[in-house]
Amino acid sequence: FKNIKVMKGALDVTHEIIKLIKYSPKREAIFREIQCCGGLDYDGAHVSLEKHSGIRPLCPTRWTVRADSLASIIENYSSLQSTWDEVLDITRDSETKARIIGVAAQMKTFEFAFAVHLAEMLLRHTDNLSKTLQKDTISAAEGQIAGSMMLATLQSVRNDESFQLFWDKLSVYLTSIDVAEPQLPRQRKIPRRFDDGTASTYVHDLPTLHYRQVYYEAIDCTINCVKERFDQPGYKVYCYLEKLLYKACKAEPYEEELEFICEFYKDDFNKENLVAQLQILTVHFTASNTSQSLNILDLTRYFQSLTIGQRDLMNQVCRIMQLILVMPATNATSERSFSTLRRVKTYLRSTMKQERLNNVMILHIYREQREQTDAIKDDELANEFIGSSEHRLSIFGKFNSQ
């Protein structure tokens, strides 16, 4: 939303609201106290304290919590407005007071309320797509299908009927909070360097028409950004590599994918040998795998189970699998390791050595695989840790798996 002034301004104000609340225990305590009186949900209905949630951070590096952050602003809109009135009288710092006055003024404008609701609606779809793409089992082809489904959903709400429903729902919500009526923005003159004098500036007659334009621009911006992420040359190559193995394992025609890969990699693959090895893969994989569903983890386990002789027999097919593994469909796993590092190596564990840190990180990142296997047992690890010190043994004793 960087190119849309209304949306960018609303996100900046939202980030400022979160900082004012989260970075001050005193202001957050006042907000919690005001929140006890109840508030309004998205439909304008009163809700109890148990249903209320706090303010969610708008993290710039996490793509799956932005809609929740905006939803928390919408849910606590009236409580936040009351908080600014309360904390303004007890704030001494002039800079902080100016920030509070600015945020309170923005929250009383229709433009901010409109942009926050619109951003929450659009980011709800993109966050859902991001969560889907971060799955370890999803393939590039499946991710592209999920992206196409999300794009079709956004296209379906890009019409006057959907805008009118959004406008009516927003109007019901705004009747119960202190927000000004929608107004047309102040008209500005065209800069002299852009004004050639051949046409007059178009001005909307009604605020509804102006905000409908913003509505369409935001949807178009979201659609174009998602398309740009998927319409990349490298992603296309990766999809063809995956589709070739998937179709070969399922005994489906794969001539198009085969031609593209042989043309792209040229001398790296011998087409005749690759066709013969794909036929071997079709027969052998079908006989050894009876599961109806197929994902990238199933293919990885299959190639790991092959003997050295079997891998030599299908060396070019194994090369395709190696290309898929070194070019992951998403970088969510690598980015997730940085978030894990922040949780594992805290300020109290700052003296942890590198070897221990690596081992703890691996156990934490791949905890699902650890729970599914019997190779690592928690009781055995605990007893080994306790047995290395008499002091630990006197405190914890021995763990019994039974």
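First, the conventions. This is a predicted model, so to speak of a local feature we need pLDDT of at least 70, and side-chain atom pairs count only at pLDDT 80 or more, while totals for chains, interfaces and linings use all residues. Residues are numbered from 1 along each chain as its sequence is written, and side-chain values use heavy atoms, with hydrogens and water left out.

Helices (H or I, at least four residues) and strands (E, at least two) are DSSP runs, numbered from the N terminus. For burial I use relative accessible area: buried is under 20%, exposed is over 50%, and partly exposed is in between, with a 1.4 Å probe and protein chains only. The areas themselves come from the Shrake-Rupley method with a 1.4 Å probe, and for residues only the protein chains shown count as cover.

Salt bridges, then. The criterion is a side-chain nitrogen of Lys or Arg within 4 Å of a carboxyl oxygen of Asp or Glu. How many salt bridges does the structure hold? The count is 13.

One of them pairs Glu16 with Arg99, at 2.4 Å from N to O. Is Glu16 buried or exposed? Glu16 counts as buried, because its relative accessibility is 18%. Arg99, at 30%, counts as partly exposed.

Another salt bridge joins the side chains of Glu28 and Lys22, at 3.5 Å from N to O. Glu28 has a relative accessible area of 22% and so is partly exposed. Lys22 is partly exposed as well, with 32%.

Arg56 and Asp68 also form a salt bridge, and their closest N and O atoms are 3.9 Å apart. Here too the pair links distant parts of the chain: Arg56 sits in the loop between strand S2 (46–47) and helix H3 (66–75), Asp68 sits in helix H3, and they are 12 residues apart. Arg56 is partly exposed at 36% relative accessibility, and Asp68 is partly exposed at 22%. The pair belongs to a network of salt bridges that links Arg56, Asp68, Glu120 and Arg124.

Helix H3 also contains Leu70. That residue counts as buried, at 1% relative accessibility. Leu70 and Leu118 are 48 residues apart in sequence, and their C-alpha atoms are 9.8 Å apart in space.

A second pair of this kind is His117 and Phe166, 49 residues apart in sequence and 9.0 Å apart in space, C-alpha to C-alpha. His117 lies in helix H6 (residues 110–133) and is buried, with a relative accessible area of 0%.

Now a buried polar side chain. Gln35 is in helix H2 (residues 25–35), and its relative accessible area of 1% makes it buried. Which side chains does it contact? The side chain of Gln35 makes a polar contact with that of Arg32, at 3.1 Å, and another with that of Asn76, at 2.6 Å. Patches are made of residues with over 30% relative accessible area and no salt bridge; like charges are joined within 9 Å, and nonpolar side chains (Val, Leu, Ile, Met, Phe, Trp, Tyr) within 5 Å. Lys and Arg count as positive and Asp and Glu as negative, without His and the chain ends, and a charge is placed at NZ of Lys, CZ of Arg, CG of Asp or CD of Glu.

A patch of negative charge gathers Glu33, Asp85, Glu86, Asp89 and Asp178. Glu86 is in helix H4 (residues 77–88) and is partly exposed at 47% relative accessibility. A nonpolar patch of about 280 Å² is made by Leu325, Val326 and Met327. Val326 lies in helix H15 (residues 315–326) and is exposed, with a relative accessible area of 63%.

Last, the backbone. Ala251 has a positive phi, near 60°, in a residue other than glycine. Ala251 is in the loop between helix H10 (233–249) and helix H11 (255–265), and is exposed at 56%. Lys266, also not a glycine, has a positive phi near 50°, and lies in the loop between H11 and helix H12 (271–288).

Definitions and conventions. Polar contact = N/O pair within 3.5 Å; in protein donor to acceptor, adjacent residues only side chain to side chain.
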